Amino acid sequence: MESTKEIAKRFAEVILNGTWIANTNYHDQLAHLDWQTATAQVGSLNTIAALAQHVHYYINGINQVFKGGTLDIKDQYSFDFPPMTSQAQWEAFLLTFWRDAEEFAIWVEKMPKAKLSDVFVDEKYSTYNRNIQAMIEHSYYHLGQIVLIKKLLLEGIK
């Protein structure tokens with residue numbers, strides 16, 4: 001089994017600073033994107049902003065558990081966000097996203113390796129390891145969508 005330091009690095013790669021798997025990451029894709037592009041609709045697809053907020057929703061919810069809190073996130077609410085209406089809102093969201101992703105990585109890195117096999121909140125949610133790995137996989141899944149939507153928007157295909 002990977003060490004928690006290796007797992008934390010894999011998580012940070014997809015969100016903050018890596019190019020190993022997808023040759024990009026959320027930070028590279030979103031940091032210089034304007035809010036109009038981030039919120040632009042392509043057909044019936046989710047917007048880039050909605051996908052980024054969706055991923056952040058889960059990161060933030062798992063961080064709450066890492067801090068000793070309850071698991072309050074629910075799939076049915078994972079796309080319920082107020083409309084983004086300005087560049088300032090977009091930039092504030094991104095700062096929160098980066099901060100919470102860094103915090104997630106730190107929690108994972110500092111986690112004792114033995115905790116990875118512990119039950120995550122309830123047996124129906126499996127282990128800490130499975131949830132952390134799922135967060136990484138889920139993030140890559142939506143990163144691919146963001147990359148494709150961004151290409152469609154920048155090429156003027158709506």
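## The loop between α1 and α2

Let's start with asparagine 23, which sits in the loop between α1 and α2. This is a predicted model, so treat everything below as a description of that prediction. Asparagine 23 has a relative accessible area of 62%, and because exposed means over 50%, asparagine 23 counts as exposed.

The backbone here is worth a look too. Asparagine 23 isn't a glycine, yet its phi is positive, near 60 degrees. For background, most residues other than glycine have a negative phi.

## Another positive phi, in another loop

Valine 121 also has a positive phi, of about 65 degrees, and again the residue is not a glycine. You'll find valine 121 in the loop between α5 and α6. Its relative accessible area is 47%, so valine 121 is partly exposed.

## The overall build

Zooming out, the chain has 6 helices and 0 strands. Read from the N terminus, the order of elements is simply α-α-α-α-α-α.

How does the radius of gyration compare with that of a compact globule? For 158 residues, a compact globule would come in near 15 Å, and the chain has 16 Å, so the two agree. The C-alpha trace spans about 50 × 30 × 25 Å along its principal axes.

As for what is tucked away, 45% of the 158 residues count as buried. Looking at contacts with a separation of 6 or more, 72% are between residues 24 or more positions apart.

In soluble globular proteins, nonpolar side chains tend to be buried together. In this chain, the largest nonpolar core has 49 residues, and the ones with the most contacts inside it are Ile15, Tyr26, Leu30 and Phe97. The elements giving two or more residues to this core are α1 (4-17), α2, α4 (48-66), α5 (87-110) and α6 (128-154). The top contributor is α4, with 11 residues.

Isoleucine 15 makes a handy example. Setting aside residues up to four places away in sequence, isoleucine 15 touches Asn25, Tyr26, His27, Val55, Ile59, Phe97, Trp98, Ala101 and Ser139. Two of the names in that list, Tyr26 and Phe97, also turn up among the residues with the most contacts inside the core.

## Glutamine 29, a buried polar residue

Is glutamine 29 buried or exposed? Its relative accessible area is 13%, so glutamine 29 is buried. The residue lies in helix α2, which covers residues 26-30.

Which side chain does glutamine 29 join through a polar contact of 2.9 Å? The partner is the side chain of threonine 24. Leaving out neighbours within four places in sequence, glutamine 29 is in contact with Thr24, Leu143, Ile146, Val147 and Lys150.

## Glutamate 109, over in α5

Glutamate 109 belongs to helix α5. At 41% relative accessibility, glutamate 109 is partly exposed.

For a sense of scale, compare glutamate 109 with histidine 32: they are 77 residues apart along the chain, and their C-alpha atoms are separated by 28 Å.

Note on methods:
Residues are numbered from 1 along each chain as its sequence is written. This is a predicted model: local features need pLDDT of at least 70, side-chain atom pairs count only at pLDDT 80 or more; totals for chains, interfaces and linings use all residues. Side-chain values use heavy atoms; hydrogens and water are left out. Helices (H or I, at least four residues) and strands (E, at least two) are DSSP runs, numbered from the N terminus. Buried means under 20% relative accessible area, exposed over 50%, partly exposed in between (1.4 Å probe, protein chains only). A polar contact is a pair of N or O atoms within 3.5 Å; within protein, one must be able to donate a hydrogen and the other to accept it, and residues adjacent in sequence count only if both atoms are side-chain atoms. Contact means heavy atoms within 4.5 Å. A nonpolar core is a set of buried Ala, Val, Leu, Ile, Met, Phe, Trp, Tyr and Cys residues joined through side-chain atoms within 4.5 Å. The radius of gyration is taken over C-alpha atoms; the globule rule is 2.2 Å times the number of residues to the power 0.38.
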